Amino acid sequence: LDPKWTPDGLIIDNVWQTRDGQRLLATPSLRGVIFASALPPPNFRTPHETVATDDRALAVSAVKLFRQHGLGNFAFIGTRGDERWCEIRKRFFRAALKDAGFPLAVYKSPRTAKKDWSEERQSLAEWLKSLPKPCGIWAAYDQRAMHVLDICRKTGISVPEQVQVLGVDDESYICEQTTPTLSSIAP
């Protein structure tokens with residue numbers, strides 16, 4: 001960071017530090033921070049506002065869409081780590097399914113998955129094969145949904161006949177480049 005940079009406030013979207021590791025929130029002149037689709041770090045003291053995605057509404061929309069397609073089996077795949085926003089999204093999805101009388105299968109990445117994509121790919125393929133079919137799979141974000149579609153294609157799991165995949169964020173550069181085209185909820 002430029003030491004002469006003295007912003008009055010910041011709008012932050014999941015980035016707490018610069019590429020060289022300096023913490024953006026350590027800037028002494030900050031009088032306010034807006035967290036956009038992010039949660040403040042623990043013990044954050046600077047005055048702040050939060051603009052957040054309505055994860056409950058996203059989860060209810062996902063369940064409604066899957067149910068309109070006649071599905072009775074459901075799964076969730078989150079991030080490769082343990083992101084707080086992803087856990088919240090999963091909890092709301094589970095609750096919406098429980099209210100409708102359905103259980104939820106959840107994919108958990110192996111501990112080494114962040115470093116080893118081949119291990120992640122193998123684990124994800126085994127999990128997808130094990131799911132009861134037909135199944136609605138809700139991915140926490142579009143890139144993760146793209147991973148699911150890629151593994152389905154490589155393992156012979158047919159989409160949408162055996163699994164229906166739904167992402168979040170409606171990132172057109174991802175959704176339009178997948179085969180089949182990815183359906184996604186726009187937050």
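## Basis of the description

The model is predicted: local features require pLDDT of at least 70, side-chain atom pairs count only at pLDDT 80 or more, and totals for chains, interfaces and linings use all residues. Residues are numbered from 1 along each chain as its sequence is written, and side-chain values rest on heavy atoms, with hydrogens and water left out.

## Overall architecture

The protein contains five helices and eight strands, where helices (H or I, at least four residues) and strands (E, at least two) are DSSP runs numbered from the N terminus. Along the sequence these elements follow the pattern β-β-β-α-β-α-β-α-β-α-β-α-β.

Of the 187 residues, 40% count as buried; buried means under 20% relative accessible area, exposed over 50%, and partly exposed in between, with a 1.4 Å probe and protein chains only. Among contacts (heavy atoms within 4.5 Å) between residues at least 6 apart in sequence, 55% join residues at least 24 apart.

## The parallel sheet

An open sheet is formed by five strands in the order β5-β4-β6-β7-β8, with parallel pairing; two strands pair if DSSP finds at least two bridges between them. β5 and β8 (183-185) stand at the edges with a single partner strand each, so one side of each is left without a neighbour in the sheet. On average, neighbouring strands of this sheet are turned by 25° against each other, direction ignored.

Strand β4 (residues 74-77) is joined to the parallel strand β6 (residues 135-139) by four bridges, with Ile77 opposite Ala139. β4 also pairs in the parallel sense with strand β5 (residues 105-107), over three bridges, and here Ala75 stands opposite Ala105. In a regular strand the side chains alternate between the two faces of the sheet. Both faces of β4 are covered: Phe74 and Phe76 on one side, and Ala75 and Ile77 on the other, are all buried.

## Helices on the sheet

Strand β7 (residues 163-168) pairs with β8 in the parallel sense over three bridges, and Leu166 stands opposite Ser183 in β8. Helix α1 (residues 55-68) packs on the sheet and touches β4, β6, β7 and β8, its direction making about 155° with that of β6. Helix α4 likewise packs on the sheet, touching β4, β5, β6, β7 and β8, and its direction makes about 160° with that of β7. For these angles, axes are lines fitted to C-alpha atoms, for helices over the stretch in contact, and angles run from 0 to 180 degrees between N-to-C directions.

The 14 residues of α4 (residues 142-155) should span 20 Å at 1.5 Å a residue, and the end C-alpha atoms are 20 Å apart, which agrees; the expected span is 1.5 Å times one less than the number of residues. Buried residues of α4 include Asp142, Arg144, Ala145, Val148 and Leu149. Just after α4, Gly156 takes a positive phi of about 80°.

Helix α3 (residues 117-130) packs against α4 at an angle of about 70°, with the axes 10 Å apart. The two helices are therefore roughly perpendicular to each other, a term covering 65 to 115 degrees, whereas angles under 35 count as roughly parallel, over 145 as roughly antiparallel and the rest as oblique. The contact includes Trp117 and Leu124 of α3, and His147 and Ile151 of α4. His147 counts as buried at 14% relative accessibility, and this residue touches Trp117 and Leu124, not counting residues up to four places away in sequence.
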